[in-house]
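Please look over the sequence and the model first.

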Amino acid sequence: MACIIVGRPNSGKTSFLINFAAYLGLNSLKISVRRPQGYLANQTMTIARARSNLITCHSHTTRNLQSIKIVLPKGKRGKEIEIIDTCGLAEGIHPDREVRMGMAQTIEKILLCKMALHILDLSAIEKTTSTIDNELYQYLKNSVGYALLANKIDKEDALAKITHVRNTFSSVPVFPISALYSRGFKEVYRFVLAYY
Amino acid sequence: MVKEVIDGLRNGELGADRALNMLTANDGNQKIEKKITPTDKRKYLKKLNKLTGLHTVKKILKEYLAYVQIQHERKNIGLKANNITMHMAFLGNPGTGKTTTARILGQCLLQMGLLNKGHLLETSRSELVGEYIGHTAQKTKKVMQKALGGVLFIDEAYSLSRGDERDFGQEAIDTMVKEMEDKREDIVIIFAGYPEEMKHFLKSNPGLASRIPIKINFPDYTIFELMSIASSILQDREYILTSEGKEKLRNVLKAHLNKGNSGNGRLVRNILENAFRAQAFRLSFSSNLSRKELLELQGCDFREEETPWPV
């Protein structure tokens, strides 16, 4: 069972992956990185190291699919799910081939995953939402396991934009979160748990 | 279509927004069509081969997968193809690998492009049977809806037919029979349970047995296979057995089998769990432990008198 995290570059996908894993009680992360050539590279790091190595303020820090496995407390033996962090999807044709490969990997994976958490950067929303966010919504809105995570509620004016987001993306659940400060994770966790 | 869009994105002919737009327009919520190469075949059969023992099960499943694939390919080029009913019954004691096999089967069918999602939904009587008239059909349909595109694994399926005529279990079976015929290409239903009880279950609805063309027996593991399961668990958990430990484990397993307990994977796992704890307790009194000491499970870590698992 896999759950994919998608969104624009710098919307907070990797922060969410790491801090959500920490919220679920993991002390270290065994991260599997899927290279576009097809092979998997595994690395284990502590939460603190993952934060310092994988989160930056630059776009497209994540260029390959990177995933962690967690066990949800469900059923007799629990349910293992794989949470996949992806390369951010940007509008237009990206000049860097490696980024394009990463974006292609992301879209290929979206087609295969049953569950998608779409991270929306509230601080980047002005009057309208971005084309990529709209396209992702249009593509995924009919999937049962699709939810929008309105990220960066810790920023100024962010909370005021939640209503706008809920109106624009009216047919899916919207969870306000702060991936950086681990806020709103309880609702996301409940959503994931209910789905599996 | 999907492949062209993704290639276009990779080669710099399309942006991600345009790619998503095209996929939505094409109702891209469908599986990626791909041609199965011999390498792919090896890859998905590898997981099946990795299972300890179960030689007959593997043989039947490989034949079945080959049949399904060939029928699919015949259909693709316009030849006559038989309708494929993929439902099965897995008969065997607990811990003989039924659920694991079902999970791998789902993945195989997904990779072969025969199922959309290939997920495994495990369910049992409580999730299928309702509390009042009409409730059962709703509940059953809901579970089947959730399992569409994947494998629905009904554990202890015989419990559906165990009650009297007022029991709603029969209603669940009747609903399922109808649904499994209508949606036979989108779902694989696997009924699992003990061999004797399952025979009675399959007779509970006249249409049931005929809709389950494949019945697979999962035999209990032999001592040799149980030792092989133990060795893979130990490798996975980074422990090793001393020769004395190996002998003791073999004796403990033999003692369990002689007592009439079915040889199953869980029995091995629980004996080893006990041994891990016993080793930890033994080592907790020493200081300056070497790597060798931390790795090794000795004969004294296995205790014969314990029944670690109610089998």
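Predicted model: local features only at pLDDT ≥ 70, side-chain atom pairs only at ≥ 80, totals over all residues.

Q: Among contacts in chain B between residues at least 6 apart in sequence, what percentage join residues at least 24 apart?
A: Contact here means heavy atoms within 4.5 Å. Contacts in chain B between residues at least 6 apart in sequence form the set considered. Within that set, the percentage joining residues at least 24 apart is 73%.

Q: Is B:Ile104 buried or exposed, and which residues does it touch beyond four places away in sequence?
A: B:Ile104 is found in helix H5 of chain B. Its relative accessible area is 11%, and because the limit for buried is under 20%, B:Ile104 is buried. Not counting residues up to four places away in sequence, B:Ile104 touches B:Lys47, B:Leu48 and B:Leu51.

Q: How far apart in space are B:Ile104 and B:Gly118?
A: In sequence, B:Ile104 and B:Gly118 are 14 residues apart. Taken from C-alpha to C-alpha, their separation in space is 9.2 Å.

Q: Which residues are in contact with B:Glu296, leaving aside its neighbours within four places in sequence?
A: B:Glu296 lies in strand S7 (residues 296–297) of chain B. With 14% relative accessibility, B:Glu296 counts as buried. Once neighbours within four places in sequence are left aside, its contacts are B:Ile240, B:Thr242, B:Gln279, B:Arg282 and B:Asp301.

Q: Why are B:Asp7 and B:Arg10 separated by about one helical turn, and what is the N to O distance of their salt bridge?
A: Both residues belong to helix H1 (residues 2–10) of chain B, and because they are three residues apart there, about one helical turn separates them. B:Asp7 is partly exposed at 25% relative accessibility, and B:Arg10 is partly exposed at 22%. Their side chains meet in a salt bridge with an N to O distance of 3.3 Å.

Q: Which residue forms a salt bridge with B:Glu122, and where in chain B is each partner?
A: The side chain of B:Glu122 meets that of B:Arg103 in a salt bridge of 3.1 Å, N to O. This pair links distant parts of the chain, its members being 19 residues apart. B:Glu122 is in strand S2 (residues 120–123), and B:Arg103 is in helix H5 (residues 98–111).

Q: Which helices of chain B hold B:Glu273 and B:Arg237?
A: B:Glu273 forms a salt bridge with B:Arg237, with the closest N and O atoms 2.9 Å apart. The two residues are 36 residues apart and link distant parts of the chain. B:Glu273 is in helix H13 (residues 265–283), while B:Arg237 is in helix H11 (residues 223–237).

Q: How much area do chain A and chain B bury between them, and which three residues supply 26% of the area that chain A buries?
A: In the interface, 24 residues of chain A are in contact with 27 residues of chain B. The two chains bury about 2,300 Å² between them, with 63% of it on carbon and sulfur atoms. The three residues of chain A that supply 26% of the area it buries against chain B, more than any other three, are A:Ile107, A:Leu111 and A:Tyr139.

Q: Which residues form the salt bridge across the interface of chain A and chain B?
A: Across this interface the rule finds one salt bridge. There are also four residue pairs in polar contact, with both residues at pLDDT 80 or more. The salt bridge, at 3.2 Å from N to O, joins the side chains of A:Glu108 and B:Arg10.

Q: Which helix gives the largest share of the side of chain A that touches chain B?
A: Helix H3 (97–112) and helix H4 (131–140) of chain A each supply at least two residues of that side. By class, the side has 14 nonpolar, three polar and seven charged residues. The largest share, eight residues, comes from H3(A).

Conventions
Residues numbered from 1 in each chain as written. Chains lettered and ligands numbered in written order. Heavy atoms only, no water. Salt bridge = Lys/Arg side-chain N within 4 Å of Asp/Glu carboxyl O. Helix = DSSP H or I, 4+ residues; strand = E, 2+ residues; numbered from the N terminus. Buried < 20%, exposed > 50% of the residue type's maximum accessible area, 1.4 Å probe, protein only. Buried area = accessible area lost by both parts, 1.4 Å probe. Polar contact = N/O pair within 3.5 Å; in protein donor to acceptor, adjacent residues only side chain to side chain. Nonpolar A, V, L, I, M, F, W, Y, C, P; charged D, E, K, R; others polar.
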